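Reader: I'd like to go through this structure with you, a piece at a time. Can we begin with the backbone and then turn to the ligand?

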Amino acid sequence: MKTELLKSTPENIKKAAKILKNGGLVGIPTETVYGLAANALDGKAVAKIFEAKGRPADNPLIVHIADFGDIEKFNLVSEVPEAAKALAKHFWPGPLTIIMKKGEAVPGEVSAGLGTVAIRFPCHPDARRIIEAASVPLAAPSANLSGSPSPTTAQHVMNDLDGRIDAVLDGGECSVGLESTVITLADTVPRVLRPGGVTVEQLREVLDTVEVDEAVLNRLAEGKTAASPGMKYKHYAPRANVVLLKCTDSEYIDYVNDHGGVGVAALCCDEDLPRLKNVKTVSLGKRGDYEAQAHSLFESLRRIDGYGDVITVYSRLPGTDGVGMAVYNRLIRAAGFEVIDLG
Ligand code: TXA
Ligand code: MG
């Protein structure tokens, strides 16, 4: 299959929408990461997403809408909880996904057989235009090959999926840089299943109680079922081996300098750069600037693989406050939960 790389023009938005209406797959920009979209109401079209990505069939997809009213209009959920209305008022359109009890129109391919469905109203103008032009909600996971870092540019999508999908719409670089925050309202207490651009602190300003699922910061305990199936997979991983260090800033510099050499890279902060010797360096941004680090994380992991000769990447555990929790969550998965504690 030939994959068309489309510039974001009104004609190309129409073209992409037509592909989607006809059951095809299109890589679309959102503010978080690029999504691989199909008509969410067409189970056959959705099944192609799993094939193109090599995604396990038990991992459900997020349904993207362009208006809060789409939830009822398309029968996506069986009931809209008050908490969902409050969250939508504060954070939609934007990088928040809300899980609710599934409505009848949602095919089993989208929900992977669960009784719930994840809904998101993205704020990227092209994402909104494409959903509107397609006039159906769009199911879309991140547009990477399953297991590799999520794509934050159209070129990343091409690198992973060229020849496997119909088209990619180039809407520029994603502003947030990592995937949306996922919160479930399908249990008694609202619970964050995946941290992202909307922080737990912000959610707690709107809802009285918000829990954070155990699997957000820890390896899933043996024998436990993941609340969010996507969280059980080693994820976001570059080909190079990511090693996380729990340490102070100077311990990090000393450790990496001691272990440096050919095949070693440091995924570090701006402030570390002058002191790191004998290793390739990729900076995530200023120390403590978690928005900047979130923005560049996946791009940096892809860049390290692009060097071709990096075997080990040393990074350090970020804090878990604010967007730091999302950076922590992605890094610890990229590292397969291996952390070296130097303290
Ligand atoms: O920012 C984002 O959310 C991006 C853009 C494209 O919107 N999408 C994205 O989709 O990250 P994906 O498929 O890569 O991640 C969706 C996550 C997975 O961990 C999946 O298991 C979880 O959400 N999920 C989806 N539906 C669920 C459900 N009904 N119950 C529990 N977890 C669900
Ligand atoms: Mg993904």
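Predicted model: local features only at pLDDT ≥ 70, side-chain atom pairs only at ≥ 80, totals over all residues.

Reader: To start, in which loop is Asn278 found?

Author: Asn278 is found in the loop between β13 (264–268) and β14 (280–283), where strands (E, at least two residues) and helices (H or I, at least four) are DSSP runs, numbered from the N terminus. Residues are numbered from 1 along each chain as its sequence is written, chains are lettered from A and ligands numbered from 1 in the order in which they are written, and side-chain values use heavy atoms, with hydrogens and water left out.

Reader: Okay, and what is the phi of Asn278? Is the residue buried or exposed?

Author: Its phi is positive, about 70 degrees, although Asn278 is not a glycine. Asn278 counts as exposed because its relative accessible area is 63%, and the classes are buried under 20%, exposed over 50% and partly exposed in between, with a 1.4 Å probe and protein chains only.

Reader: Which loop holds Ala112, and what is its phi?

Author: Ala112 is found in the loop between α5 (108–111) and β6, and it has a positive phi of about 50 degrees although it is not a glycine. With a relative accessibility of 22%, Ala112 counts as partly exposed.

Reader: What joins Trp92 and Pro93?

Author: A cis peptide bond, with omega at about -5 degrees. Pro93 itself lies in the loop between α4 (82–91) and β5 (96–101).

Reader: Switching to the ligand, which residues come nearest to ligand 1?

Author: Thr32, Asn59, His64, Ser180 and Gly230 come nearest, out of 26 residues around ligand 1, a residue being near if one of its heavy atoms lies within 4 Å.

Reader: And which side chains have an N or O atom facing an oxygen atom of the ligand, and at what distance?

Author: An N or O atom in the side chain of Ser180 is 2.5 Å from an oxygen atom of ligand 1, and for Arg55 the corresponding distance to an oxygen atom is 2.8 Å. Ser228 places a polar side-chain atom 3.1 Å from a nitrogen atom of ligand 1. Of the 680 Å² of accessible area that ligand 1 has on its own, the protein covers 97%, with areas from the Shrake-Rupley method and a 1.4 Å probe.

Reader: Which strand gives the most to that shell?

Author: β6 does, with four residues. β4 (62–64), β6 (116–120) and β10 (191–194) each supply at least two residues of the shell.

Reader: How do the shell residues divide by type?

Author: There are 13 nonpolar, nine polar and four charged residues around ligand 1, where Ala, Val, Leu, Ile, Met, Phe, Trp, Tyr, Cys and Pro count as nonpolar, Asp, Glu, Lys and Arg as charged, and the others, Gly among them, as polar.

Reader: One more topic: where does His156 lie, and what does its side chain reach?

Author: His156 lies in helix α7 (residues 154–161), and its side chain reaches the backbone nitrogen of Thr152 at 3.0 Å. His156 counts as buried because its relative accessibility is 7%.

Reader: And Ile130, buried or exposed?

Author: Ile130 is buried, at 0% relative accessibility, and it lies in helix α6 (residues 125–134). Its C-alpha atom is separated by 9.5 Å from that of Asn12, 118 residues apart along the chain.

Notes: Polar contact = N/O pair within 3.5 Å; in protein donor to acceptor, adjacent residues only side chain to side chain.
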